[in-house]
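This report goes through selected local features of one chain. The sequence and structure come first, followed by notes grouped by region.

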Amino acid sequence: MNDRLYDVILYGASGFVGRQTVAYFAGNANSVRWAIAGRDRQKLENVRSSAGVNVDVLVADSRDIEAIEAMVAKTRVILNTAGPFALYGNSIVDACVRSRTHYVDITGETAWVRDLIDRYSDRTEADGTRIIPFCGFDSIPSDLGTYLIVRYLRERFGVDCRGVKAYFQAYGGFNGGTLASAFNIFDSGQSDRVRDPFLLDNLKEHPPEERERQRDPESPFFDRDIDTWVAPFFMGVVNTRVVRRSAALFDRWGEPYGEDFTYQEYLKFDPPLDWLSATAATVGTGLFLATFQQPAVRQLLQPFLPKPGSGPSEQTMNEGWFRCQLLGFAEDGRVVRGEISDRGDPGNRATVKFLCESALALVLNKEELPGGSRRGGILTPATGLGDVLARRLRDAGMKIEIA
């Protein structure tokens with residue numbers, strides 16, 4: 001694979017998030033051979049010109065299997081931002097599996113990833129090909145943060161982890177691609193499927209009592225562990241599944257998180273309006289989901305929503321921020337705290353940093369990755385990138401602390 005023409009190809013580079021990945025690589029990937037790709041040459045050339053970089057432009061529509069195969073065979077890593085991934089990602093992942101090309105993306109489409117697990121796990125594990133979805137704000141803070149908490153308890157105190165709770169606060173905006181992916185889940189009839197708390201864990205059966213422990217929260221409540229009100233986090237339905245897959249994979253590899261390990265996450269609100277804010281957020285999320293599952297209502301609102309390829313203003317993205325605070329509960333009663341936070345809109349600025357550093361880790365830190373250079377499979381950020389990604393993110397200015 002080292003003799004391939006490129007180290008990384010940025011696919012979907014003319015989209016809203018894709019354009020930001022080009023800008024990130026332009027400023028942070030001087031030692032890497034990279035190119036940009038998508039289906040529209042003129043748009044790609046405009047992106048290249050705007051970024052002021054001299055990189056190759058490759059044209060490959062996701063429906064053109066031959067073009068996708070030829071593109072993927074030229075690179076060591078594909079970085080994909082072209083969603084909805086259930087509609088446009090299958091041919092790209094399929095080509096990566098056949099070419100033994102590593103892959104990262106920013107999907108939050110758990111049902112699609114479960115299908116990838118069922119189709120490709122055995123082959124990618126045997127070949128050492130790392131297919132790593134969920135490398136954006138969904139779900140790196142949750143997954144990497146939990147992994148670091150578990151590792152800290154084991155290495156510092158020699159104890160297993162009984163459970164982790166994550167609390168999110170954030171400010172930013174949505175882009176059209178994120179909304180399109182969410183709408184596709186509703187339209188494709190996957191809404192019931194994604195409610196399975198163990199959707200991404202195909203390694204063992206889960207009895208009813210375990211499913212009850214890991215059931216998604218539905219109501220706001222006063223959390224005595226942090227002395228404030230919290231609400232269900234609308235992305236918890238994605239992030240919790242990813243963390244549980246990481247726990248299942250590490251357990252299979254003889255590195256368990258802990259017996260009966262549990263993970264949940266919430267939106268956190270500060271006093272004095274914490275109860276009111278948590279209640280409003282819960283009601284608002286419920287109304288949003290109910291409304292947008294109705295195609296007729298959505299059609300009326302469509303003109304007012306971000307279109308694919310569009311998103312928040314530069315000012316909104318620059319002023320955005322996120323904070324993920326974590327509590328880890330050890331088997332012996334110890335409690336440790338962690339935080340992952342950064343400036344910049346989480347769905348765009350932070351997502352771009354997460355994704356690009358994930359791709360660069362696969363290229364520049366291959367021998368240091370979890371499991372060594374031969375580990376492959378349909379992995380998660382924690383199982384496929386682990387401490388290497390944490391180090392790269394810290395070096396990129398992100399706050400990552402466990403204590």
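## Arg130 and its surroundings

A polar contact here is a pair of N or O atoms within 3.5 Å; within protein, one must be able to donate a hydrogen and the other to accept it. The model is predicted. In it, the side chain of Arg130 comes to 2.8 Å from the backbone oxygen of Gly384. Arg130 belongs to strand β6, residues 130–132.

Arg130 is buried but forms no salt bridge. Glu367 is the nearest side chain of opposite charge, at 8.5 Å.

Beyond residues up to four places away in sequence, Arg4 touches a set of residues including Arg33, Val72, Lys74, Arg76 and Thr101.

Which backbone oxygen lies 2.5 Å from a polar atom of the Arg4 side chain? The oxygen belongs to Ser99. The backbone oxygen of Thr75 also lies by a polar atom of this side chain, at 2.8 Å. Pro84 is 80 residues from Arg4 along the chain, and their C-alpha atoms are 28 Å apart.

## Positive phi and cis peptide bonds

Arg100, one of the residues that Arg4 touches, has a positive phi near 55° although Arg100 is not a glycine. Arg100 lies in the loop between α5 (90–99) and β5 (102–105) and is partly exposed, with a relative accessible area of 45%.

The loop between β6 and α7 holds Phe134, another non-glycine residue with positive phi, near 65°. Is Phe134 buried or exposed? Phe134 is buried, at 1% relative accessibility. Ser139 is also in the loop between β6 and α7, and the peptide bond from Asp138 to Ser139 is cis, with omega near 15°.

A cis peptide bond also runs from Pro271 to Pro272, with omega near 5°. Pro272 is placed in the loop between β10 (262–268) and α11 (274–292).

## Helix α16

Helix α16 spans residues 386–395, and its buried residues are Gly386, Val388, Leu389, Ala390, Arg392 and Leu393. Among the elements covering them are α7 (140–157), α14 (346–364), α15 (381–384) and β14 (399–402).

## A nonpolar surface patch

Val297, Leu300, Leu301 and Phe304 make up a nonpolar surface patch with about 420 Å² of accessible area together. Phe304 lies in the loop between α12 (295–301) and α13 (314–319). Its relative accessible area is 69%, so Phe304 counts as exposed.

Key: Residues are numbered from 1 along each chain as its sequence is written. This is a predicted model: local features need pLDDT of at least 70, side-chain atom pairs count only at pLDDT 80 or more; totals for chains, interfaces and linings use all residues. Side-chain values use heavy atoms; hydrogens and water are left out. Contact means heavy atoms within 4.5 Å. Patches are made of residues with over 30% relative accessible area and no salt bridge: like charges are joined within 9 Å, nonpolar side chains (Val, Leu, Ile, Met, Phe, Trp, Tyr) within 5 Å. Accessible areas come from the Shrake-Rupley method with a 1.4 Å probe; for residues, only the protein chains shown count as cover. A salt bridge is a side-chain nitrogen of Lys or Arg within 4 Å of a carboxyl oxygen of Asp or Glu. Helices (H or I, at least four residues) and strands (E, at least two) are DSSP runs, numbered from the N terminus. Buried means under 20% relative accessible area, exposed over 50%, partly exposed in between (1.4 Å probe, protein chains only). Lys and Arg count as positive and Asp and Glu as negative; His and the chain ends are not counted.
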